[in-house]
Amino acid sequence: MKTNPGQLPQLLKKSLAPVYLISGDEPLLVQECCDQVRKAAKDAGFHDRLTFHTDHQLDWSAVGDEFSAMSLFAEKRRIEIHLPTGKLGDGRTVLERVLEEPPEDIVLLLISARLDASETRRKWYKELQGKGVHVPVWPIDADKFQSWLQQRASNRGLSLTRGALAIMSERLEGNLLAASQELDRLSLLARGNTIDEETVEQAVQDSSRFTGFELVTELVSGRAPHACKMISVLQQEGENPLGLLAVLTRDLNLLLELKSSAGRAETPAAFLKKRGVFQPQRARAMEQAARRLNRTQLHEAIALCSQIDRATKGFDPLSPWHYLRDMSALLAARA
């Protein structure tokens with residue numbers, strides 16, 4: 001079955017599954033989900049742990065032998081397999097065999113980057129859906145980050161003024177690990193007092209961090225001010241615009257296809273899922289953009305992508321980031 005991080009604690013209280021897959025690109029949230037599974041397994045008597053990392057040196061036959069050998073011993077064990085690329089490769093056959101009849105004395109924890117869409121169509125993943133639990137971890141939406149931060153502060157017994165919360169949100173957005181660390185530090189400074197703007201100004205550095213994927217979502221969503229902030233951060237970090245440009249061009253062409261499919265029996269959500277748009281935030285942004293933007297705007301945006309490409313390759317006197325700011329204004333306009 002598939003569940004979200006918020007539902008995982010309740011599932012673990014009910015029963016322990018033989019296998020868990022935690023996948024995503026938010027290290028803090030992935031780590032916290034893994035820690036919850038580890039604690040539940042240890043509480044159930046699975047004290048010993050064996051860890052594998054999938055790289056070119058990993059011998060998958062040795063991994064398979066561990067699962068076969070476990071039944072010879074009385075100890076309950078946890079086997080953790082880290083999948084940094086989200087792909088199993090030669091390990092698929094081993095996992096398919098294990099998942100057909102999971103050993104009773106093993107809890108398997110798979111820790112993966114965002115799972116590749118092609119993997120979800122393979123036999124091992126379908127077996128896992130039937131026998132275990134998949135927890136996909138998605139980034140915190142920009143409009144939910146402040147609420148997330150406030151909840152984390154509350155869990156630590158911290159009280160933040162509205163101004164302090166706003167400053168922290170601006171400086172830490174997109175960097176959950178830094179946000180968690182700053183809250184830990186503030187809890188030492190607070191000593192039961194309310195954290196105000198002055199304290200945050202002095203104690204919290206600007207650690208906001210964004211990815212090209214997040215910028216594309218903001219551009220398509222028409223949130224120009226926030227997109228421009230992200231453009232400035234990515235520009236300062238030396239990001240190569242070509243990577244995000246490929247994603248943006250693909251999404252703009254998808255929007256044109258989506259508008260052409262209007263009126264057909266297929267829903268927008270089904271259309272996007274077939275074309276590899278699985279993240280809920282991206283899918284919502286695409287559906288809303290298809291309703292908000294007209295064909296002329298989309299064709300102008302695709303033409304602007306060509307200008308950005310030329311600028312990135314040095315064939316234009318202006319910076320590609322200049323044209324990305326133009327893109328933010330173009331996609332923010334109402335049809």
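Predicted model: local features only at pLDDT ≥ 70, side-chain atom pairs only at ≥ 80, totals over all residues.
Visitor: Which domains does the domain assignment give?
Guide: Bounds come from an automatic or database domain assignment. Here they are domain 1 (5–137), domain 2 (142–207) and domain 3 (212–332), with residues numbered from 1 along each chain as its sequence is written. Local features need pLDDT of at least 70, side-chain atom pairs count only at pLDDT 80 or more, and totals for chains, interfaces and linings use all residues, while side-chain values use heavy atoms, leaving out hydrogens and water.

Visitor: What area is buried between domain 1 and domain 2?
Guide: Buried area is the accessible area (1.4 Å probe) that two parts lose on being put together, summed over both. For this pair the figure is about 390 Å², and carbon and sulfur atoms give 63% of it. On the side of domain 1, Glu26, Leu28 and Leu29 supply 81% of the area buried against domain 2, more than any other three residues.

Visitor: Which residue forms a salt bridge with Glu32?
Guide: A salt bridge needs a side-chain nitrogen of Lys or Arg within 4 Å of a carboxyl oxygen of Asp or Glu. Arg152 meets this with Glu32, their closest N and O atoms being 2.7 Å apart. The count between domain 1 and domain 2 is one salt bridge.

Visitor: How many disulfides does the structure hold?
Guide: A disulfide is a covalent bond between the sulfur atoms of two cysteines; the criterion is a pair of cysteine sulfur atoms within 2.5 Å. The structure holds zero. For Cys33, the nearest cysteine sulfur is that of Cys34, 7.0 Å away.
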